[in-house]
Amino acid sequence: MASEKRLEVVTCTAPVNIAVIKYWGKRDEELILPINSSLSVTLHQDQLKTTTTAAISRDFTEDRIWLNGREEDVGQPRLQACLREIRRLARKRGSDGHEDPLPLSLSYKVHVASVNNFPTAAGLASSAAGYACLAYALARVYGVESDLSEVARRGSGSACRSLYGGFVEWQMGERADGKDSIARQLAPESHWPELRVLILVVSTEKKPTGSTAGMQTSVETSALLRFRAEALVPARMAEMTRCVRERDFQAFGQLTMKDSNQFHATCMDTFPPISYLNDTSQRIIHLVHCFNAHHGQTKVAYTFDAGANAVIFTLDDTVAEFVAAVRHSFPPELNGDKFLKGLPVEPVPLSDELKAALGTDPTPGGIKYIIATQVGPGPQVLDDPGAHLLGPDGLPKAAA
């Protein structure tokens, strides 16, 4: 038992967030400061989350990290930036008179293990959840209580938005040191209980152009990107904030789609052009517009991050019919029973009129599966020692 006591260990979970006003492009690569503000919706951790265990011990000889069961290079610059920032904040807290001597634990090395319950690097915001969880777990284990926006942001820009539940704004800030580039919650997850989110998983493959490289090229070559950031985004941020506050789904849905389209237009305006959407993504866009036209109003809205997977926003009373429309247009090939994951959705028949309105020939297997979820809370600490991903020796537990 003595060895266990020498181990300080914390396990946390953190959510994925999906931007409805997109962040694309940095004004400072090292500090990860964006060229425009952004606004996101935090998804529920029952369906999508990162779990991270951080442990410190005087027995550890070096910092180590394991992702999804594999040991990774702890020297990655972004990982190091997070670690340095947390240790700096911990030292600052110690010297601010909170505790008399600086705690010994500041000199201890850390072991970190992290797992995602969804595909990594496939455009489902895995880095946002991952770095938010890392920042949150490290802060807990080192006793840091300050705003973690900067720590998470240094790992992945959009990670600062995953530090809060509900609806979150990342303010671009103006200072060169980035101290005012922080995330803040606009409204909690309970604010819009009818809002639902469907993730249509088109591809679980790693995306061909990573976000970091893509953004850099866009900043260097796209005139449209600069125009978007300076002339359009400020008004869009204000309008999207209003849509959320007033729960105006019509306007929320339309602006979400327009902003997604514009983000992908800036990717096409990049030289050489970047295309994150594939044929199935384009068919989903067509399906959404046909569905809305049939109903004579915006009942569903799509947004795509840097990847082919679609995120659909809708209200709870539309979920069943839209899922039926997706099944009709993209019949599951083999996994009919596992096609829908997450929140339960009652199957409903599609009207002949809607089938006719959807028009296009079905594309079997175009969508691998759907994750049905809703708006959710920010990071959580897990109190159950059984949830730790690291054993008493500070090494990953063997998979059960």
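This is a predicted model: local features need pLDDT of at least 70, side-chain atom pairs count only at pLDDT 80 or more; totals for chains, interfaces and linings use all residues.
Let's start with helix α5. It covers residues 211-221. Which of its residues are buried? G214, M215 and S218 are. Now look at where they sit around the helix. They cover an arc of only 100° around the axis, so they lie on the same side of α5. An α-helix has 3.6 residues a turn, so residues three or four places apart point the same way. What covers the buried residues of α5? The cover includes strand β3, residues 26-28. It also includes α6, residues 223-246, and α7, residues 249-269.

That brings us to α6 and α7 as a pair. How do their axes run? They come within 11 Å and cross at roughly 165°. Angles over 145 degrees count as roughly antiparallel. So α6 and α7 are roughly antiparallel to each other. The crossing is left-handed. From α6, the contact residues include L224, L225, R228, L232 and R236. From α7, they include F252, L255, K258, D259 and Q262. What classes of residue make up this contact? There are eleven nonpolar, three polar and seven charged residues.

Next pair: α8 and α9. Helix α8 spans residues 279-295, and helix α9 spans residues 319-329. Their axes are 11 Å apart, and the packing angle is about 130°. That angle makes α8 oblique to α9. The crossing of α8 and α9 is right-handed. Who meets whom? On the α8 side we have L287, V288, F291 and H295. On the α9 side we have E321, F322, A325, V326 and S329. Sorted by class, the residues of this contact are six nonpolar, two polar and one charged.

For α6 and α7, the crossing is left-handed. For α8 and α9, the crossing is right-handed. The α6 and α7 pair is roughly antiparallel, while α8 is oblique to α9.

Last stop: a loop. Where is T61? T61 lies in the loop between β6, residues 49-57, and β7, residues 64-67. Is T61 buried or exposed? Exposed means over 50% relative accessible area. T61 has 71%, so T61 is exposed. T61 and S114 are 53 residues apart in sequence. In space, they are 20 Å apart, C-alpha to C-alpha.

Definitions and conventions:
Residues are numbered from 1 along each chain as its sequence is written. Side-chain values use heavy atoms; hydrogens and water are left out. Axes are lines fitted to C-alpha atoms, for helices over the stretch in contact, and angles run from 0 to 180 degrees between N-to-C directions. Helices (H or I, at least four residues) and strands (E, at least two) are DSSP runs, numbered from the N terminus. Angles under 35 degrees count as roughly parallel, over 145 as roughly antiparallel, 65 to 115 as roughly perpendicular and the rest as oblique. A crossing is left-handed if the near helix is turned anticlockwise from the far one by less than a right angle, and right-handed if clockwise. Contact means heavy atoms within 4.5 Å. Ala, Val, Leu, Ile, Met, Phe, Trp, Tyr, Cys and Pro count as nonpolar, Asp, Glu, Lys and Arg as charged, and the others, Gly among them, as polar. Buried means under 20% relative accessible area, exposed over 50%, partly exposed in between (1.4 Å probe, protein chains only). The arc is that of the directions from the helix axis to the C-beta atoms.
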